[in-house]
Amino acid sequence: MDHVDQILAQWARERPDLDCSPMAVWGRLSRMAALAERAIEQPFKALGLSRTDFDVLATLRRAGRPLTPTELYQSAMLSSGAMTARLDKLEAQGWVQRSPSSQDRRSLVVSLTVEGRRLADEAVTRHVANEQQLLAPLSPEEQQQLAGLLRRWLQAHE
């Protein structure tokens, strides 16, 4: 039995009239998210990054091209002000650079520096290895099944 099973058993005893089966899913998802959140941040911390730093670097890396600050904050789900502060920090570290846009002189684009690209590659390599380790209790088939179920739920609610 896990923690959620214990909670379900208590509810079954105290409220046998109530179908608490949704708690089996939501309780586990909630606990899993809390546990995974801490574990997922560890490789970033080891590199001197926050999760948001990683999100910005990874967004630039996977885009394969410079992005405007607007494209970045929309992708990272940050406010414009929060993105500006994040870019100031990353630029001061020498990981990104802001340059005038070749298409619009009033706009800037953000790109990774050579060091930023190296750091993004190292961080994503560590991140994927960490996520693989976190999923290790599930077989590859179970991982695919879980990903498919979560996709279906997200498609219905996003």
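Student: Is Arg 28 buried, partly exposed or exposed?
Tutor: Arg 28 counts as partly exposed, at 30% relative accessibility. Keep in mind that this is a predicted model.

Student: Which residue does Arg 28 meet in a salt bridge?
Tutor: Asp 5. The N to O distance is 2.7 Å.

Student: Why does that pair tie together separate parts of the sequence?
Tutor: Asp 5 lies in helix α1, residues 3–14, and Arg 28 lies in helix α2, residues 21–46. So the bridge joins parts 23 residues apart in sequence.

Student: And what's the relative accessibility of Asp 5?
Tutor: It is 27%, so Asp 5 counts as partly exposed.

Student: Which residues are in a salt-bridge network with Arg 28?
Tutor: Asp 2 and Asp 5 are linked with Arg 28 in a network of salt bridges.

Student: Zooming out, how many salt bridges are in the whole structure?
Tutor: The search finds 13.

Student: New spot. What does Arg 51 pair with?
Tutor: Glu 37, in a salt bridge. Their closest N and O atoms are 3.4 Å apart. Arg 51 lies in helix α3, residues 51–63, and Glu 37 in helix α2, so this pair ties together parts 14 residues apart in sequence.

Student: What are the accessibility values there?
Tutor: Arg 51 has 31% relative accessibility. Glu 37 has a relative accessible area of 36%. Arg 51 is partly exposed, and Glu 37 is partly exposed too.

Student: What about Glu 14, which residue is its salt-bridge partner?
Tutor: Arg 13. The closest N and O atoms are 2.9 Å apart.

Student: Are those two buried or exposed?
Tutor: Both Glu 14 and Arg 13 are exposed.

Key
Residues numbered from 1 in each chain as written. Predicted model: local features only at pLDDT ≥ 70, side-chain atom pairs only at ≥ 80, totals over all residues. Heavy atoms only, no water. Salt bridge = Lys/Arg side-chain N within 4 Å of Asp/Glu carboxyl O. Helix = DSSP H or I, 4+ residues; strand = E, 2+ residues; numbered from the N terminus. Buried < 20%, exposed > 50% of the residue type's maximum accessible area, 1.4 Å probe, protein only.
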